Amino acid sequence: MTTTATQTRVLARWFATGSSKVLAFALAIATLVSVAVWALATVQGWTVPIEPVDGEGQVFFEFSTTAFGIPLAAVGIAAFVLSIVQTASYTRSLVASGATRASVAGATLLNGALMVVLVNVLAAVVLALEARFAGGWVGSTFGLAPGATFADGVPVLVHALGQVAFAVVAGMTIAAVFLRWPWWVGVGTLAIVLWGLPLLAFWFEPLAALGAAAVSWPGAMPLGVVALAGAYWVVMRGLRIP
Amino acid sequence: MTTASTTSGATAPLGVDIAGLSYRFGSTVALADVTCAVRPGTITGLVGRNGAGKTTLAALVAALRPVQTGTVLVGGRPVWEDPDVTSRICLMRDKGAIVEDERIGTSLRIAAMLRPHWDGEYALALLDRFEVPVRRKPQQLSRGKRSALGAAVALASRCELTIFDEVYLGMDAVARRMFYDELMADYIAHPRTVILSSHLLDEVEDLMEDVIVLDRGRVVAAGDTDAVRQAHSRPGELASLTDVLIQLSTPSSARSAS
């Protein structure tokens, strides 16, 4: 008897195997690049000033420039891209091969959760390394000052967990929208979310204040992830295979 | 009512029962109140002119699209989102079940995961027989080789209901003959229900035990192939399925007028 749970388990394992390989490959390549940067910096005597984190923009800047952050950034970006590519590439083939939409949606969500865990385990490792080496030869991914401990970066890590989960589920949902409806529906949705709403908030002050309050609410990110996952599930369940 | 059990491990062929099935693409009616049945364990031809609704009907039976009006039962059960049924239905057509931009091995692995009766060795033997290079990507293959790949995956899936929708497009005459031979040999060795949709009626009509003729989304004839041919024959001359189709199809002038 083939059940949705059986299919979901098999597909999740298959997706996870593929994801793990790609993320490991991204980590290996980025680590090589990072080591090369470190060697170059050491030979050239370059130093990178360490500044305390005072905003998300600062985190991003440090994130992209630190030697430890290069592998982390590569794996995070790879997870986001994978969330789109795996959903877009395989959903139709899997359904046409006998999987139910529920099985594919469940498996991709589980795989997304695994990728989020992997990225955040790597982030924790990077944080531990930075706590050990912060103040040394290179800038800090998490903005740790010299003498800071692992615990000092944990709040940033927890916040990043939600951000990565949001990005991964958003990637899957975008792919599902493009699979289910004509391209202009996806483009229109993205335009409204990424361009229309910010513009509206710019013109309409109360909306901007409401948005800022919602974003600063601690439960906003978890709720956003759950809402997006629900939307993804609904979109996938009605998928037609042309 | 034509049904077969789908109990665990069973390989009993699945019958199809369709009642009052209608489907529209916007203002275009693809199927209009279709009622028909496919007996389990038979090879049934699904024939009709372009736009008759064959592909839409096949897609609804395989649950690639949700039914709008009417019912589709496979093995006596609704097919939509039932993994125990969908995993036993294989609809092979020019696109869909094959991952085009990855090596053929990916599509074979997917079939191995999802098809309860998948025979990997048989799949490789078929690909070898059809001279399909397994290390290539499907999108790199010629049309004929791509069709052979689809046919091989469908045969090796050994699904209780297997639907071939013009799967042999681009195959040369030799490859098509090989496909028909393989189909019959495996059908006898592993009985299942087969639905063949094809325009090459002269080649496949002898394979078909039953036939369903569609015209503009409606069933205009259905039943035992010989009986349908007999019913549309002149005295002393047995009509071919092509003759039947010509007799039953709406003239193109009427089609364009409507």
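This is a predicted model: local features need pLDDT of at least 70, side-chain atom pairs count only at pLDDT 80 or more; totals for chains, interfaces and linings use all residues.
**View 1. Contact between chain A and chain B.**
On the chain A side, 24 residues are in contact with 20 residues of chain B. Three helices of chain A, α1 (4-44), α3 (69-96) and α4 (101-133), each supply at least two residues of the side that touches chain B. The largest share, 7 residues, comes from α3(A). By class, the residues on this side of chain A are 11 nonpolar, 10 polar and 3 charged.

**View 2. Packing of α3(A) and α4(A).**
The axes of these two helices lie 10 Å apart, and the helices pack at an angle of about 175°. Because of that angle, α3(A) is roughly antiparallel to α4(A); the cut-off for this description is an angle over 145 degrees. From α3(A), the contact is made by G69(A), L72(A), V75(A), G76(A), A79(A), L82(A), S83(A), Q86(A), T87(A), T91(A), L94(A) and V95(A). From α4(A), the contributing residues are R101(A), V104(A), T108(A), N111(A), G112(A), M115(A), V119(A), L122(A), A123(A) and V126(A). The contact of α3(A) with α4(A) comprises 12 nonpolar, 9 polar and 1 charged residues.

**View 3. The open sheet of chain B.**
Chain B contains an open sheet of 4 strands in the order β2-β1-β4-β5, with antiparallel pairing. At the edges are β2 (28-38) and β5 (77-78) of chain B, each of which pairs on one side only.

**View 4. Pairing of β4(B) with β5(B).**
Strand β4 of chain B, residues 69-74, is joined to β5(B) by 2 bridges. These two strands run antiparallel. L73(B) has P78(B), in β5(B), as its bridge partner.

**View 5. Surroundings of A131(A).**
A131(A) is part of helix α4 of chain A. This residue counts as partly exposed because it has 18 C-beta neighbours inside 10 Å, whereas a buried residue would need 20 or more. Leaving aside residues up to four places away in sequence, A131(A) touches L144(A), A148(A), T149(A), F150(A) and G153(A). L118(A) is 13 residues from A131(A) along the chain, and the C-alpha atoms of the two are separated by 20 Å.

Technical notes. Residues are numbered from 1 along each chain as its sequence is written. Chains are lettered from A and ligands numbered from 1 in the order in which they are written. Two residues are in contact if their C-beta atoms, placed from the backbone, lie within 7 Å. Ala, Val, Leu, Ile, Met, Phe, Trp, Tyr, Cys and Pro count as nonpolar, Asp, Glu, Lys and Arg as charged, and the others, Gly among them, as polar. Axes are lines fitted to C-alpha atoms, for helices over the stretch in contact, and angles run from 0 to 180 degrees between N-to-C directions. Angles under 35 degrees count as roughly parallel, over 145 as roughly antiparallel, 65 to 115 as roughly perpendicular and the rest as oblique. Two strands pair if DSSP finds at least two bridges between them. A residue is buried if 20 or more other C-beta atoms lie within 10 Å of its own, exposed if 12 or fewer, and partly exposed in between; C-beta atoms are placed from the backbone.
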